[in-house]
Amino acid sequence: MMRLSRLGSWAALLSGMMIGLSGCHAKAALTPQQAEGKHLYDARCAHCHEFNDLALKKVPPNLHGVFSGATLPSGTPATDANVVRTVLSGRGMMPSFAGRFTDEQMAALLAYLHAGIR
Ligand code: HEC
C-alpha cells in the first residue's frame, strides 16, 4: 500500500514535468510564417524598435505584445490595418516602407507581431 501511493506521487510529478516541458516548447516555437516575420522584423524594424540606433528623440515603442492591448502606442486601435498603415505610410520619425514588402511578407510580419514573443 505504502509503495503504491509513492509510485502514484512519482507518476503525478513526472506527468506534471512533462506538461511543463511541452508548454514551454509550444511557447518558444514559431510557425514557419512567424519565423519569416521575425527575420523581416530583425532586418528592418529591430534596429529602431529594439536599439533606437538613430537615437531618435521619440523612442520607437516596444513592439513585442503590440497587439496585446486595445490600442497602439499612438492610441489608435490595435488592428492589423492600422499596423499595416503605419508600415506603409510611416509615422513621425518612422519612415514609410511602401513597396518594400510583398503581401506575403506583410502577413508574415503581422503573424510574428501577433505571436508577441521574441
Ligand atoms: C527609423 C526608425 C524606425 C524603423 C526602421 C521602424 N520604425 Fe516603427 N516607429 C518608429 C518611431 C519613431 C515610432 C513612433 C512614431 C510616433 O508615434 O511618432 C514608430 C512606431 C511604430 C508603431 C506604432 C504605431 C502607433 O500607431 O502607435 C508600429 C506598429 C511600428 N512602428 C511598426 C514598425 C515595423 C513593423 C517596422 C519594420 C517594418 C518599423 N516600425 C520600423 C521608428 C521606426
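1. **Basis.** The model is predicted: local features need pLDDT of at least 70, side-chain atom pairs count only at pLDDT 80 or more, and totals for chains, interfaces and linings use all residues. Residues are numbered from 1 along each chain as its sequence is written.

2. **Overall fold.** The protein chain has 5 helices and 0 strands. Its elements run α-α-α-α-α from the N terminus on. Helices (H or I, at least four residues) and strands (E, at least two) are DSSP runs, numbered from the N terminus. Of the 118 residues in the protein chain, 10% are buried. Buried means 20 or more other C-beta atoms within 10 Å of a residue's own, exposed means 12 or fewer, and partly exposed lies in between; C-beta atoms are placed from the backbone.

3. **Contacts.** Two residues are in contact if their C-beta atoms, placed from the backbone, lie within 7 Å. Among contacts in the protein chain with a separation of 6 or more, 53% join residues 24 or more positions apart.

4. **Helix H5.** H5 covers residues 103-115. Its 13 residues should span 18 Å at 1.5 Å a residue, and its end C-alpha atoms are 18 Å apart, which agrees. The expected span is 1.5 Å times one less than the number of residues. Ala 108, Leu 109, Tyr 112, Leu 113 and Ala 115 are buried in H5. They cover an arc of only 155 degrees around the axis, so they sit on the same side of H5. The arc is that of the directions from the helix axis to the C-beta atoms. The buried residues of H5 pack against helix H2 (32-44) and H4. Just after H5, Gly 116 takes a positive phi of about 70 degrees.

5. **Helix H2.** H2 has 13 residues and reaches 18 Å from its first C-alpha to its last, close to the expected 18 Å. Gln 34, Gly 37, Lys 38 and Tyr 41 are its buried residues. They cover an arc of only 105 degrees around the axis, which puts them on the same side of H2. Pro 32 and Ala 43, on the other side of H2, are exposed. The buried residues of H2 pack against H3 and H5.

6. **Core.** The largest nonpolar core has 8 residues: Tyr 41, Val 83, Val 87, Ala 108, Leu 109, Tyr 112, Leu 113 and Ala 115. H4 and H5 each supply at least two residues of this core. The largest share, 5 residues, comes from H5. Such a core is a set of buried Ala, Val, Leu, Ile, Met, Phe, Trp, Tyr and Cys residues joined through C-beta atoms within 7 Å. Leaving aside neighbours within four places in sequence, Val 83 is in contact with Leu 110 and Leu 113.

7. **Ligand shell.** Of the 25 residues around the ligand, Cys 45, Cys 48, Ser 74, Gly 92 and Met 94 come nearest. A residue is near a molecule if its C-beta atom, placed from the backbone, lies within 6 Å of it. Helix H3 (46-49) and helix H4 (80-89) each supply at least two residues of the shell. H4 gives the largest share, 3 residues.

8. **Loop between H3 and H4.** Asn 52 is found in this loop. Asn 52 has a positive phi of about 40 degrees although it is not a glycine. Asn 52 is partly exposed, with 13 other C-beta atoms within 10 Å. Ala 55 also has its place in the loop between H3 and H4. Phi of Ala 55 is near 50 degrees, a positive value in a residue other than glycine. Ala 55 is exposed, with 7 other C-beta atoms within 10 Å.
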